[in-house]
Amino acid sequence: MDKDLASIEQEVHILTEKLTNLKKEIGKVIIGQEETIEQLLITFLAGGHALLEGVPGLAKTLMIRTLAQAVDLKFKRIQFTPDLMPSDIIGTEILEEDHSTGKKFFKFNKGPIFANIVLADEINRTPPKTQAALLEAMQEFEVTYANKTYKLDRPFLILATQNPIEQSGTFVLPEAQQDRFLLYIKIGYPSESEETTVLKNTTGVRTHTLHKVISGEDILRLQHLVREVPISDDLITSVSTLIRATRPETTTDSYVKEWVNWGAGPRAGQAMILTAKARALINGRLSVTLDDLKHVALPVLRHRIIVNFRAESEGITSDDVTNQLLHIM
């Protein structure tokens, strides 16, 4: 075996062991939700951000907080409210005085966005102006205030939550901003056995001590390794074919022409390949399979395929469109 390949495989083995330990730590607190946890880790390793949606009481916030507690990184939580201002996220300048000279000067006081893992809780409860304050940070990994640019620490991950059933007093995220999220993760109800275990474990006096099992340097190395995971030209062609098939202008699928208003853009294909590479690495593999691509298709395309009004009235979702098209891969 090639020496470089052998050393890479050894490194991957060590790092994936740490990911396994990370899953175990999260599992001390979160019962079930294995698929959701895997999608969160995929987002982290792919270097993107995730939008989580689920009804109240499904442990969205607890899941993210538990992930942050098991990773040796700085964590901040922002509770989004209708009166939240952009400066509450980015930070603001405060007037200070140099006691030795008596001169006054402005000092930038960094906001909660200056963390490695940021929980944007109930992001749809704040107006578009404040929602947009996240855009530069999500895309450029920096923020600008008073014509000065401040770099954010890496790794940097925004995990935003929203509630799908309380629409009163909420502000729907614009499609362009939703597209900045690598994955759109929907959290469902637990199974009967999982729910019984949750009730048993959370109504007593027992508590769990979480250990930090992976470092920021490990995460950065994994993010670099993800991009080195090979994918065949045939699979890239399959991704391109799928993405183009979601667009009414370029598809031959009558289902898409009937129900879709806007299809996915090239960023969807990039996200699909990158997240499939991350899934392969999480599972200890150094190559992408068709199953990896199909596994990430729904959370990648969920917010990038916009169905028309008629589809909404008939209860047809973007997930239905994606499932209809997966057979062409």
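**Helix pairs and backbone features**

A: Helix H13 and helix H15 are roughly antiparallel to each other, a class that holds angles over 145 degrees, whereas under 35 is roughly parallel, 65 to 115 roughly perpendicular and the rest oblique. The model is a predicted one, in which local features need pLDDT of at least 70, side-chain atom pairs count only at pLDDT 80 or more, and totals for chains, interfaces and linings use all residues. Residues are numbered from 1 along each chain as its sequence is written, and side-chain values use heavy atoms, with hydrogens and water left out.

Q: At what angle do H13 and H15 pack, and how far apart are their axes?

A: In general, two packed helices are described by the angle between their axes and the distance between the axes. H13 (residues 290-301) packs with H15 at about 150 degrees, the axes being 9 Å apart. Their crossing is right-handed, meaning that the near helix is turned clockwise from the far one by less than a right angle.

Q: Which residues of H13 and H15 make the contact?

A: H13 contributes Ala297, Leu298 and Leu301, and H15 contributes Ser318, Asp319, Thr322 and Asn323; contact means heavy atoms within 4.5 Å. The residues of this contact comprise 3 nonpolar, 3 polar and 1 charged.

Q: How are H10 and H12 arranged?

A: The axes of H10 (residues 233-245) and H12 (residues 266-282) come within 10 Å and cross at roughly 140 degrees. The two helices are therefore oblique to each other. H10 passes H12 in a right-handed crossing.

Q: Where is a cis peptide bond found?

A: A cis peptide bond joins Arg154 and Pro155, with omega at about -5 degrees. Pro155 belongs to the loop between strand E8 (148-151) and strand E9 (157-162).

Q: What is the phi of Glu122, and where does this residue lie?

A: Although Glu122 is not a glycine, its phi is positive, at about 55 degrees. Glu122 sits in the loop between strand E6 (117-121) and helix H5 (128-131).

Key:
Axes fitted to C-alpha atoms, helices over the stretch in contact; angles between N-to-C directions. Helix = DSSP H or I, 4+ residues; strand = E, 2+ residues; numbered from the N terminus. Nonpolar A, V, L, I, M, F, W, Y, C, P; charged D, E, K, R; others polar.
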